[in-house]
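Let's take a friendly tour of the salt bridges in this model. Have the structure open as you read.

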Amino acid sequence: MNRYLFWALLWLAGPCAARAHAVVPTGDNIPLAGLWKGKLPVLGGQLDLTISVVPLAGGKYFAALDVPAQKMTRVPTEVTVRGDSVLLAMPGAGSRYAARFDREKNELNGTWTQGTVKSAVLLKHSPMPTLNGPSTRLAPPYREEEVMFSNPVSRLSLSGMLTVPAGQGPFPAVVLVSDVGAQDRDGTFGDYHMMGSLADYLTRRGIAVLRYDDRGVGKSGGSTATATTAMLVSDVQAAINFLRSRLEVNISRIGAIGHGEGADVALMAAGAPLPPAFVVSLAGYGLTGEQTLLQQQVTEQRAQKVDPAKIQAAYERQRTMYDIIRQTNEPQAKSIVANMLRQDHPDLDAKEAQVQAVKLLTPWRHFFLSYDPIAELDQVACPVLLLSGTDDQEAPAELHLTALEKELKSVNRATVSKRLPGVNHLFQPPKTEWTLMNGEMKPMFSPVALDVIREWIVGLGVKK
């Protein structure tokens, strides 16, 4: 492989993101799952390379190429298997590897081709590293730093994790902002870590990321129950100011990526003084809080196949309750709401009804019911990427994304919006594309969504 060919390969593959690709079903013919390691001949020597292969549901594989010496990570790799023949293709690099599987040695022996240049490459198999307990994981190829930063407006401190790409920088950076409720920095939802996955992906590709525990979570002060959506804007502003103080960060390229309510918070911050340089809205809400909650209730009941007449009755009763919460002083609202709860649930005793009523009368809910995310979008001047999935049941794109893009595009030419087929509210792809591990499907962040986010952020820097 000549020098020009190798650097062409490096340039083409560097910005790519790993994806799941279709593969011819192979049954148990070849145990491809794991790491395939070998040497890639180049002018003047050899480079260590590793191809990671993870089986997915539906007869597919997730595969990616890494060449550590050249800082090439997660290069997309397509897998095709026919009998004992394996073809690994990297379209973004114009390369492919055709090999035969040696069952006795558990090796792939074949030819690496790019253009007219062909090199013999032997890949040896090793099992995929596994975690040894909940607190142990493989060290990532970037720097992690536990941080604390202050929010002087609310007089509290927030705990988080700053991840910085390998190299000198300064790097573009983003702050991640979570959806409704008290969430940790990783956006943990069962086995799924939405914010942790997004942060890992972006940091591996040259973007520094600050993600933090919500108020009242971990070592962060305050409480999400007492903080309104508007109050959370100061948390984002504090996080952005913290990044502005870091030498590793490009001070002119600090953005915010918000999910759900967090997207609305990020947009509010973009309309305030000292805004982020850009905003990525993931399933942002475009309707008022009351409309959003009522729509979610109807969607859930329809999914449960509740009788339409009962759905309508529940809708009207819930809307009445929300009107009482919004328009009545707290002591009166508490009494009325508790009475309504007991009428709806006769087995609920008076004390428990009072407890449940208090949970419905938090400052957050009182504000959120009247909150209109469209109201102040005319103040947003920075570039905005609006993303929603077509399978989002909590914030359907036809309602929420449509409202956001209509308003933003009328006042902000730097607005881009996309609908991602099959993606749900948590930005997971269809279950047929989830990772298959130990016989179970594990949720993952949509590779398509990750690609779109990275390419848009990188494109902003190119335009400048």
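Which residue forms a salt bridge with arginine 215? The partner is aspartate 235, and the closest N and O atoms are 2.9 Å apart.

## Ground rules

This is a predicted model, where local features need pLDDT of at least 70, side-chain atom pairs count only at pLDDT 80 or more, and totals for chains, interfaces and linings use all residues. Residues are numbered from 1 along each chain as its sequence is written, and side-chain values use heavy atoms, with hydrogens and water left out.

A salt bridge here is a side-chain nitrogen of Lys or Arg within 4 Å of a carboxyl oxygen of Asp or Glu. The count by this rule is 18 salt bridges.

## A buried pair

Back to arginine 215 and aspartate 235: both are buried (under 20% relative accessible area; exposed is over 50% and partly exposed in between, with a 1.4 Å probe and protein chains only). Arginine 215 sits in the loop between strand E16 (208–212) and helix H3 (233–244), while aspartate 235 belongs to helix H3, 20 residues apart. Helices (H or I, at least four residues) and strands (E, at least two) are DSSP runs, numbered from the N terminus.

## Between two helices

Glutamate 290 and arginine 326 also meet in a salt bridge, at 3.4 Å from N to O. Because glutamate 290 lies in helix H5 (residues 289–303) and arginine 326 in helix H6 (residues 308–327), the pair ties together parts 36 residues apart in sequence. Glutamate 290 is buried at 12% relative accessibility, whereas arginine 326 is partly exposed at 25%.

## A partly exposed pair and a network

Aspartate 48 and lysine 39 form a salt bridge with closest N and O atoms 2.4 Å apart. Aspartate 48 is partly exposed at 44% relative accessible area, and lysine 39 is partly exposed at 42%.

Finally, a network of salt bridges links Arg143, Glu145, Arg246 and Glu248.
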